[in-house]
Amino acid sequence: MFYLYILSALFAGISVVITRIFNAKIAEELGTIQGTYINYLTGLGGAFIFFIISKEYVNLSGTSYSNLPIYAYFGGAIGILVVVLSNYATPKVSSFSLSLLIFTGQLFIGIVIDFISYGDVSMGKIVGGILILLGLIYNIKVEKETINEEKIEVKKEVISEEIIN
């Protein structure tokens with residue numbers, strides 16, 4: 001059963017990256033806000049189909065929504081923010097770097113939440129997070145240098161062709 005949880009988490013991570021790319025393509029065509037709207041509209045349709053296939057149902061009448069804490073309602077709003085920010089960032093940052101940036105953000109907010117919830121955080125988590133952040137910074141720097149070198153080579157080729165012609 002434990003392996004099922006691991007596979008589920010891996011599949012969730014894969015689907016997040018694929019969804020982010022699809023959403024960014026829609027946002028490029030229609031705009032960031034329209035892309036986010038399409039994302040949630042199709043998500044609603046997908047959820048509806050899922051409920052029909054799974055024969056699950058939502059019991060709205062037996063639920064006391066007034067007993068829920070206020071933060072229980074923030075998930076959808078934060079989800080919209082995630083899609084909007086991802087739609088904006090995805091075309092500008094490589095998929096690998098963006099995945100690491102998002103992971104780093106999740107890691108550090110996880111550390112903060114653990115501290116708030118349990119009053120303690122291991123030094124290993126903090127050091128691990130810092131090492132991941134340093135690796136990310138190094139990777140972005142190397143990636144940027146590689147892109148700059150490629151641009152210089154392209155410019156040299158264009159200039160050489162202009163001189164020959």
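Student: Which residue forms a salt bridge with Lys141, and how far apart are the closest N and O atoms?
Tutor: In this predicted model, Lys141 pairs with Glu145, and their closest N and O atoms are 4.0 Å apart.

Student: Where do those two sit relative to each other in helix 5?
Tutor: Glu145 and Lys141 are 4 residues apart in helix 5, so about one helical turn separates them.

Student: Is Lys141 buried or exposed?
Tutor: Lys141 is exposed, with a relative accessible area of 52%, whereas Glu145, at 40% relative accessibility, counts as partly exposed.

Student: How many salt bridges does the structure hold?
Tutor: The structure holds 2 salt bridges, and one of them joins the side chains of Asp114 and Lys125, at 3.0 Å from N to O. Because Asp114 lies in helix 4 and Lys125 in helix 5 (residues 123-164), that pair ties together parts that are 11 residues apart in sequence.

Student: And how accessible are Asp114 and Lys125?
Tutor: Asp114 counts as partly exposed at 22% relative accessibility, and Lys125 counts as partly exposed at 41%.

Student: Switching to helix 1, which residues are buried there?
Tutor: Arg20, Asn23, Ala24 and Ala27 are buried in helix 1, and what covers the buried residues of that helix includes helix 2 (32-54), helix 3 (74-89) and helix 4 (95-118).

Student: What span should helix 1 have?
Tutor: Helix 1 has 29 residues (residues 2-30), so at 1.5 Å a residue it should span 42 Å, which agrees with its end C-alpha atoms being 42 Å apart.

Student: What follows helix 1?
Tutor: Gly31 follows helix 1, and the phi of Gly31 is positive, near 110°.

Methods. Residues numbered from 1 in each chain as written. Predicted model: local features only at pLDDT ≥ 70, side-chain atom pairs only at ≥ 80, totals over all residues. Heavy atoms only, no water. Expected span 1.5 Å × (residues − 1). Buried < 20%, exposed > 50% of the residue type's maximum accessible area, 1.4 Å probe, protein only. Contact = heavy atoms within 4.5 Å.
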